[in-house]
Amino acid sequence: MKDNRLIAAALIAVGIICLGWFIKAGIDNFANKDRHVTVKGLAEREVPADKVTWSIGTKVTGNDLPMLYESINQQTDKIKRFLKQNGLDEKEMTVNPPSINDLEAREWGENNKSFRYIVSTTITVATNKVEQVNKAIFLQAELLKQGVAIENSDAHYEYASFQQMKPEMMSEAIKNAQKTAEQFAEASNAKLGEIQTAGQGQFEIDNRDENTPYIKKLRVVTTITYSLKN
């Protein structure tokens, strides 16, 4: 009987100890389950644009439509020849059909112009030869010397290879977020746990500045929440 009582007492003691351990573990888990830190990771790059779309508008004015059509075609040929001389291919050029503006057909405005018609067209270059386009833009005043009336000249630059950069930049942003979280955990006398939530990351492409639109600034920001442990 005495031995049975000792065994029973030992079992009860072990049970109490185990119960206490489980209670402590539960309290610790409860205390730690809401401990977390949310950080942002940033990755940036400066890259040269690898695609450009350049639109050149030209126009002629007068009263004789057949002559104006011939004149606008001559101007278009001069622009195409100028582009070829600067390393661009004709297959990279698109010429819009000429548009006609008849000033006498207007119901408003002055009709005392010295000419009746404005015939205009736009030549668009779409290419990955960014350096050649930049050179041609710098030299486009030569077209004025040839009698080409440039109505507008607008270049739009892109970084078409961005998709290839995304995995590398995302990985860098995540590493930077982890470093920030580790610093926070160390300052809080805690250990960094697993990732609880992670944002896909917000990607941005901007011009580095207004004077160099052919240099792009890539930026990705990701938001990650880590758990913290004692």
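At 38% relative accessibility, Ser 99 counts as partly exposed, a class that lies between buried (under 20% relative accessible area) and exposed (over 50%), as computed with a 1.4 Å probe on protein chains only. The structure is a predicted model, in which local features need pLDDT of at least 70 and side-chain atom pairs count only at pLDDT 80 or more, whereas totals for chains, interfaces and linings use all residues. Residues are numbered from 1 along each chain as its sequence is written, and side-chain values use heavy atoms, with hydrogens and water left out.

Ser 99 belongs to strand β4 (residues 99–102), where strands (E, at least two residues) and helices (H or I, at least four) are DSSP runs numbered from the N terminus. When neighbours within four places in sequence are left aside, Ser 99 is in contact (heavy atoms within 4.5 Å) with Ile 118, Val 119 and Ser 120. Tyr 69, which is 30 residues apart from Ser 99 in sequence, is 9.9 Å apart from Ser 99 in space, C-alpha to C-alpha.

Thr 225, in strand β9 (residues 215–229), is buried, with a relative accessible area of 10%. With neighbours within four places in sequence again set aside, the contacts of Thr 225 include His 36, Val 37 and Thr 38, as well as Glu 194, Ile 195, Gln 196 and Thr 197.

In helix α3 (residues 130–139), the buried residues are Val 130, Val 133 and Ala 136. Viewed down the axis of α3, these residues fall within an arc of 125 degrees and therefore line one face of the helix, the arc being that of the directions from the helix axis to the C-beta atoms. The buried residues of α3 pack against β2 (51–62), α2 (65–85), β5 (117–127) and β6 (150–158), while Glu 131 and Phe 138 are exposed on the other side of α3.
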